[in-house]
Every structure is written in structure tokens, then in C-alpha cells.
There are 2 protein chains.
Amino acid sequence: MKQDPQHAFGAGEPVPRLGEIGLYNFAPYLMNRIMGRYNASLREEMAEFGLSTPKMRALAVLSVIDGIQISQLSVYAVVEQSTLSRALDQLMAEGLIRRQPDPNDSRVTRIVITDAGRAAFERIWPSMARMYRRMFAGIADDERAAFVATLQKMLRNIRKHEF
Amino acid sequence: MKQDPQHAFGAGEPVPRLGEIGLYNFAPYLMNRIMGRYNASLREEMAEFGLSTPKMRALAVLSVIDGIQISQLSVYAVVEQSTLSRALDQLMAEGLIRRQPDPNDSRVTRIVITDAGRAAFERIWPSMARMYRRMFAGIADDERAAFVATLQKMLRNIRKHEF
């Protein structure tokens, strides 16, 4: 294995083999297992609200960061731009979002959530909150806080965009 | 929001709203962002080896848990059975795995990795290890261990299967 001192693992040692780490100690494996189950459960619940995963994620992001461009929304929602674009068309047809030209640069379009969009998010949030609560059942607040702090470092380590 | 004492959050309080938690403190959001980037980067690297994500994941799991049934492999690899089935056909055609009837129950088929399959995994593991190292750059061993312990609890909280 090629050694890379800039991204040294632990005290500069190479990463052990997967069989040595063990599948249940390999964080990317656990994270894919957990998020695979979380996303599948949420997809089933959202279908009852007529919302696909891209539509649900777009609404969730816009409920907290409104008026962003589609390229940014694509990163925040973790949905590819072509897929997101179709989802936004549907959300617009349903009156849940609007596309609005930037007042300072007419070439830039910003995505704005409508009051009906906020109300739709309010209806789905209890499902998301229930899944979140279930995920952290029996895990103390300080452990959850430490976990989130590690996630924030990991995102800074691997993200492509500065947000 | 409906309260659910069995899955109480923190000290039995309801989950605050997403805007109150903040996107960058909401663990499922961070985990989807991180794994979206990790999986996309790995997909690009694996394409150079002629391996799709389902094929790569099947090889990775079989390199540590050999001789399992397709239904189990589907859970471990986080790949739907129909998609996994096609990936296994390709891996078999390439001589990287074999399907083998269970000696005790001929109705059961077990998936076995071949020597060529192990060699193929050895070739891709350095890429996976490099991504893993990058993900945890600057994160101390004890912090990583605590993080993994929390992930193990979360998986027990939300998994459907007892493994």
C-alpha cells in the first residue's frame, strides 16, 4: 500500500486490512448500513405524503436555508442536479416552491420556499424527527454531541464545496 | 408531534425543529453528505478497476464473510437483491465468485469468493483504505473508537436484521 504522510492514519501507520479492522468496526460500512436503512424507512413514510426523497430533501433544506441557487441546493440536499431539477419542477407545480431571479444578477435563479411549502415540511417533520429519535434511542446527549462533532470534522475532510 | 416514550429523545423531550437543531448539527444530514461524497469518490475510483459499487461491495463483504446466502449478502452490502443478483452474475462470469449449494440443504445457495476474487479485492483495498484515512485525517484513535461505538449502537437501534 502506498503511504501518504499527509493523510496518515493514527500515528502515521498504514491502514490495516479490512479483515483485521472487522466489518463492524469499519465506519464507512456502518454508516452505509445505517443510512441505507434510515433512507429506505424515510422513503416509505414520505411516499404517503406524495414526496420522493429528492423532493423531501429539497423542502427540508429550503425550510432552513431559503433562497439558494440550485447548484448549492444540490450539494446540501445530496441530490444530483438533473434529478433535483425534476424534483423542483414538481414542487413548483404543487406550489411548494418558487424560482426567483436574483435582484442583483438576473442570470442567477434562487429557489424560494412558499408558505404552502413550509406547511408541507411541517407535516413531514414529525416523521423525520421520529426516525431521528429512534436512531439515537439510549444514546446520551453528550455522546450524541461528540458524535456530531466528529461528523463535522469528517465532512470538512472529504467535502468538495466550502459549505 | 406525537410523543413516544419508548423512543424518548434525551430526557424524554420532543425533538426540536430542524431550524432549531441546525442542518450542521443534524446527524442524518451530515451522514448523508459524508457518505454521498465517500460513495461518489469510491465509485469513480472503482470504475477504473471495472467495478460497479454493487460488485465492489459484494467483493469487500465476501473477503471477510465468505460463504453466505444472497439474502444476507444483500443486507451486508447494502444493495437490493435484484441489483446484487446482476452484480453476482457479472462477478461469476469474471471468475471472482462461485455459487455453491449448501452441503446440508441443497435448496440453499452460498456465495463463495475465489482466489481471483480475493486478489481483485487486494487490488482495490488500497483505494478504499486511502478514502478511509482521508475521512479520519486529524481525528485521534480514541475519538474514532468512540465514534464507531456510537455507530454500532445506532445500527442496533435501526436495523431490521439481527446482524
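Reply: Of the contacts in chain A with a separation of 6 or more, 47% join residues 24 or more positions apart. This is a predicted model. Buried residues account for 31% of the 163 residues in chain A.

The chain comes next. Chain A holds 7 helices and 3 strands. Along the sequence, the order is α-α-α-β-α-α-β-β-α-α. The radius of gyration is 19 Å, well over the 15 Å from the globule rule for 163 residues, so chain A is more spread out than a compact globule. Its C-alpha trace spans about 55 × 40 × 30 Å along the principal axes.

Now the close look, at helix α3 of chain B. This helix covers residues 53–64. Two packing partners are described here, α6(B) and α5(B).

Two packed helices are described by the angle between their axes and the distance between the axes.

Take α6(B) to begin with. Helix α6 of chain B covers residues 115–135. Its axis lies 10 Å from that of α3(B), at an angle of about 110°. Angles of 65 to 115 degrees count as roughly perpendicular, so α3(B) is roughly perpendicular to α6(B). From α3(B), the contact uses B:Met56, B:Leu59, B:Ala60, B:Leu62 and B:Ser63. From α6(B), it uses B:Gly117, B:Arg118, B:Ala120, B:Phe121 and B:Ile124. By class, that is 7 nonpolar, 2 polar and 1 charged residues.

Then α5(B). Helix α5 of chain B runs over residues 81–93. The axes of α3(B) and α5(B) come within 9 Å and cross at roughly 75°. This pair, too, is roughly perpendicular. B:Pro54, B:Lys55 and B:Ala58 make the contact on the α3(B) side. On the α5(B) side are B:Thr83, B:Leu84, B:Ala87, B:Leu88, B:Gln90 and B:Leu91. The classes here are 6 nonpolar, 2 polar and 1 charged.

B:Phe49 sits in the loop between α2 and α3 of chain B. What does B:Phe49 touch, not counting residues up to four places away in sequence? The partners are B:Arg123 and B:Ile124. B:Ile124 is also one of the α6(B) residues in the contact with α3(B). The C-alpha atoms of B:Phe49 and B:Ala120 are separated by 8.8 Å, though the two are 71 residues apart along the chain. B:Ala120, too, belongs to the contact of α6(B) with α3(B).

Last, the pair of chains. A rotation of 180° with 0.0 Å of shift along its axis superposes chain A on chain B, with RMSD 0.0 Å. The two copies are thus related as by a two-fold rotation axis. A:Phe147 is the residue of chain A that comes closest to this axis, with its C-alpha at 2.8 Å.

How many residues of chain A are in contact with chain B? There are 56, and they meet 56 residues of chain B. The elements of chain A that give two or more residues to this side are α1, α2, α3, α6 and α7. The largest share comes from α7(A), with 13 residues. By class, the side of chain A that touches chain B has 32 nonpolar, 11 polar and 13 charged residues. The copies meet through the same surface, because 100% of the interface residues of chain A are also interface residues in chain B.

Conventions
Residues numbered from 1 in each chain as written. Chains lettered and ligands numbered in written order. Predicted model: local features only at pLDDT ≥ 70, side-chain atom pairs only at ≥ 80, totals over all residues. Least-squares fit on C-alpha atoms with pLDDT ≥ 70 in both. Contact = placed C-beta atoms within 7 Å. Helix = DSSP H or I, 4+ residues; strand = E, 2+ residues; numbered from the N terminus. Nonpolar A, V, L, I, M, F, W, Y, C, P; charged D, E, K, R; others polar. Rg over C-alpha atoms; globule rule 2.2 N^0.38 Å. Buried ≥ 20, exposed ≤ 12 C-beta atoms within 10 Å, placed from the backbone. Axes fitted to C-alpha atoms, helices over the stretch in contact; angles between N-to-C directions. Parallel < 35°, antiparallel > 145°, perpendicular 65-115°, else oblique.
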